[in-house]
Amino acid sequence: MTGNHKDKSITRRRALAVTGGTVAAGGLAVAGYQAAFADTATTAEEATAASASASESSGCMTLMSSVTEGPYYLDGALVRKDITEGKSGVPLTLRLTVVDATDGCTPVEGAAVEIWHCDAWGYYSGYTTANPGGSAPAESEDGSTADDDTYLRGYQIANANGVVKFETIFPGWYTPRTCHIHLKVHTGGQKEDGTYEGGKVNYTGQLFFDDTIAEEIFTLEPYSKHSGSYTTLDDDMVYDGGGASSGLLTLEAVHKKDPSKGYKGFLTVAVDPDAENTGAGSGGGGGTPPGDAPSGAPGDAPSGTPSASASS
């Protein structure tokens, strides 16, 4: 099975102790779940109840730590709920709740949440010739009609409860990273020409997946066509072992006996709406491949600019 092998070239990260701060995050996650899995707020009372629940359980979740945006970011993602563009994989409904960590975890209405991730074989749009490591078919062999510059990238605007929802697929992996989704939280801008313009980035982070679930999914088609050394959470260069406060998603199977039917994932993202984050981050090199980077990876290419080897 793809996920059974750890990348021994990565220094094993010691899992951080689960402290009282993580307990607080877990308490808020319950409230986040209730808000996130309701498509919209139907009454003001519901929104108030969700906020009160969060306050009673923990006061507020610890501000999430930003990490670098990594080497595969592109500007100009589209505002849309479904970002798959026909890419095949296990369905993933992602619901995120953006709250203000400086103001009792009140919802950040109007926040623009941007996500991007690789396809089932480890390829990113804009960088489709970057070798994901191991053995995988060429990205062009997936049979989809996805736009090579835009697939699996998009924005959603938070509703009154701070909630956004994306329809996507469970991401694959590339050497030397574990399975993950990148995200940015923007405020102060507006939707324009199908994308989000202006404002500032308050948070740059990554979302992570339980190893057991990821490894089971990677035995399924089309993921199983990518073989090699899958990096687990403990060995990842970015994930620091902090659970939800470090971006670990809570996952709920659509059908417990059949993982191919998909998952729902949720997380409460606590940010400072007054802060500005450049994407430089602080932890783990942000996911930029090390010296043994896959061929074709952008490496030191400027943020938002594909490398010369990337397909147009």
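This report walks through a sheet, some aromatic rings and the nonpolar cores of one predicted model.

Because the model is predicted, local features need pLDDT of at least 70 and side-chain atom pairs count only at pLDDT 80 or more, while totals for chains, interfaces and linings use all residues. Residues are numbered from 1 along each chain as its sequence is written, and side-chain values use heavy atoms, with hydrogens and water left out.

**The sheet**

Let us start with the strands. Helices (H or I, at least four residues) and strands (E, at least two) are DSSP runs, numbered from the N terminus. Two strands count as paired if DSSP finds at least two bridges between them. Here, four strands build an open sheet in the order S4-S3-S6-S7, with antiparallel pairing. Strand S4 (153–157) and strand S7 (195–208) are at the edges with a single partner strand each, so one side of each has no neighbour in the sheet. On average, neighbouring strands of this sheet are turned by 25 degrees against each other, direction ignored; the axes behind such angles are lines fitted to C-alpha atoms, and angles run from 0 to 180 degrees between N-to-C directions.

Now look inside the sheet. Strand S3 (residues 112–116) pairs with strand S6 (residues 180–192) in the antiparallel sense over five bridges. Glu114 has Lys184 in S6 as its bridge partner. The charged end of Lys184 also sits over the ring of Tyr73, 4.8 Å from its centre. For this, NZ of Lys or CZ of Arg must be within 6 Å of the ring centre and within 35 degrees of the ring normal. Lys87 likewise lies over the face of Tyr151, at 4.2 Å from the ring centre.

**Aromatic pairs**

The structure holds 13 aromatic pairs. Rings of Phe, Tyr and Trp (its six-membered ring) pair if their centres lie within 6.5 Å; planes under 30 degrees apart count as stacked, over 60 as edge-to-face and the rest as tilted. Here are two of the pairs.

| Pair | Centres | Planes | Type |
|---|---|---|---|
| Tyr72 and Tyr124 | 4.3 Å apart | 10 degrees | stacked |
| Phe170 and Phe218 | 6.4 Å apart | 80 degrees | edge-to-face |

Tyr72 is in the loop between helix H2 (44–58) and strand S1 (91–100), and Tyr124 is in the loop between S3 and S4, so their pair ties together parts 52 residues apart in sequence. Phe170, in the loop between strand S5 (163–169) and S6, and Phe218, in the loop between H3 and strand S8 (250–253), are 48 residues apart.

Buried means under 20% relative accessible area, exposed over 50%, and partly exposed in between (1.4 Å probe, protein chains only). Both residues also belong to one aromatic cluster with Trp173, Phe209, Tyr223, Tyr230 and Tyr263.

**The nonpolar cores**

A nonpolar core is a set of buried Ala, Val, Leu, Ile, Met, Phe, Trp, Tyr and Cys residues joined through side-chain atoms within 4.5 Å. The largest has 46 residues, and Leu96, Val113, Phe170 and Phe218 touch the most other members. S1, S3, S5, S6, S7, H3 and strand S9 (263–271) each supply at least two residues of this core. Apart from it lies another core of 14 residues, including Leu74 and Tyr155.
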